[in-house]
Amino acid sequence: MSLEIAELLFDFGLVVLIWLIQLIVYPSFSYYQKNDLVQWHKNYTLRIGYVVMPLMIGQLSIAMVQLVRGFTILGAINLGLILMVWLSTFIHFVPLHNKIAYNILNDEILHKLIIRNWLRTLLWTVIFGIDLMGYLINISLV
């Protein structure tokens, strides 16, 4: 498997996952009773971590390898967008999820999860689009 195909698979996995989280998972949090959500949230964050972290690490690793192999503006933009997702995740979402884990939960926190997650949804969608476009252009030039 080529590095480009692996990159597309990681990107596609993340874009599907983030759209599911944005449209289904985070909105569903408002349907839970507070105690039930706090209890479920512990399971959710552990389980989603098993899916998200390998995908994020794989995506970041491939972007860095590709940039080292041959610098391109598109590759630099791609890596920059990926780093923005990582920053957004650790600056915005880890603290919000920690609040839920520590039973600090209200409608504002749930609303912030949904509203702020649009940034990651947009970024991962753009990353996938850029990589898909780059791949299609490369195969059409061959």
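In the predicted model, a polar contact of 2.7 Å joins the side chain of Gln22 to the side chain of Asn117. Gln22 is part of helix 1. With a relative accessibility of 3%, which falls under the 20% limit, Gln22 counts as buried.

The chain contains four helices and zero strands, and its order along the sequence is α-α-α-α. Along the principal axes, the C-alpha atoms occupy a box of roughly 55 × 25 × 20 Å. Of the 142 residues in the chain, 37% are classed as buried. Helix 1 spans residues 3-28 and helix 2 spans residues 34-69, whereas helix 3 covers 73-101 and helix 4 covers 107-141.

Ser28, a residue of helix 1, is 46 residues from Leu74 along the chain, and the C-alpha atoms of Ser28 and Leu74 are separated by 36 Å. Ser28 has a relative accessible area of 25% and is therefore partly exposed, the range for this class lying between the 20% and 50% limits. For Thr89 and Arg120, the separation in sequence is 31 residues and the C-alpha to C-alpha distance is 7.9 Å. Thr89 belongs to helix 3 and is buried, its relative accessible area being 10%.

Aromatic contacts were examined next.

The charged end of Arg120 sits over the ring of Phe93, at 3.7 Å from the ring centre.

The largest pocket has a volume of about 420 Å³. Its lining is made up of 22 residues, of which Thr45, Ile48, Thr89, Val94 and His97 are the closest to the centre of the pocket. Thr89, described above as a buried residue, is thus named again among the residues closest to this centre. Each of helix 1, helix 2, helix 3 and helix 4 supplies at least two residues of the lining of the largest pocket. Helix 2 provides eight residues, the largest share of this lining. Classified by residue type, the lining of the largest pocket comprises 15 nonpolar, six polar and one charged residues.

The second largest pocket holds about 320 Å³ of space. Among the 16 residues lining the second largest pocket, those closest to its centre are Glu7, Gln66, Thr72, Gly75 and Asn138. Helix 1, helix 2, helix 3 and helix 4 each contribute at least two residues to the lining of the second largest pocket. In this lining the largest share, five residues, is supplied by helix 4. The composition of the lining of the second largest pocket is six nonpolar, seven polar and three charged residues.

Finally, the backbone of Asn103 was examined. Asn103 is situated in the loop between helix 3 and helix 4. Its phi angle is near 65°, a positive value in a residue other than glycine. Asn103 has a relative accessible area of 35% and is therefore partly exposed, since the class lies between the limits of 20% and 50%.

Notes: Residues are numbered from 1 along each chain as its sequence is written. This is a predicted model: local features need pLDDT of at least 70, side-chain atom pairs count only at pLDDT 80 or more; totals for chains, interfaces and linings use all residues. Side-chain values use heavy atoms; hydrogens and water are left out. A charge sits over a ring if NZ of Lys or CZ of Arg is within 6 Å of the ring centre and within 35 degrees of the ring normal. On a 1 Å grid over the protein atoms alone, a cavity is a set of points where a 1.4 Å probe fits but cannot get out, and a pocket is an open set with protein on both sides within 12 Å along at least five of seven lines; lining residues have an atom within 4 Å of a point. Grid points are joined across faces, edges and corners, and a volume is the space filled by probe spheres set on the points. Ala, Val, Leu, Ile, Met, Phe, Trp, Tyr, Cys and Pro count as nonpolar, Asp, Glu, Lys and Arg as charged, and the others, Gly among them, as polar. Buried means under 20% relative accessible area, exposed over 50%, partly exposed in between (1.4 Å probe, protein chains only). A polar contact is a pair of N or O atoms within 3.5 Å; within protein, one must be able to donate a hydrogen and the other to accept it, and residues adjacent in sequence count only if both atoms are side-chain atoms.
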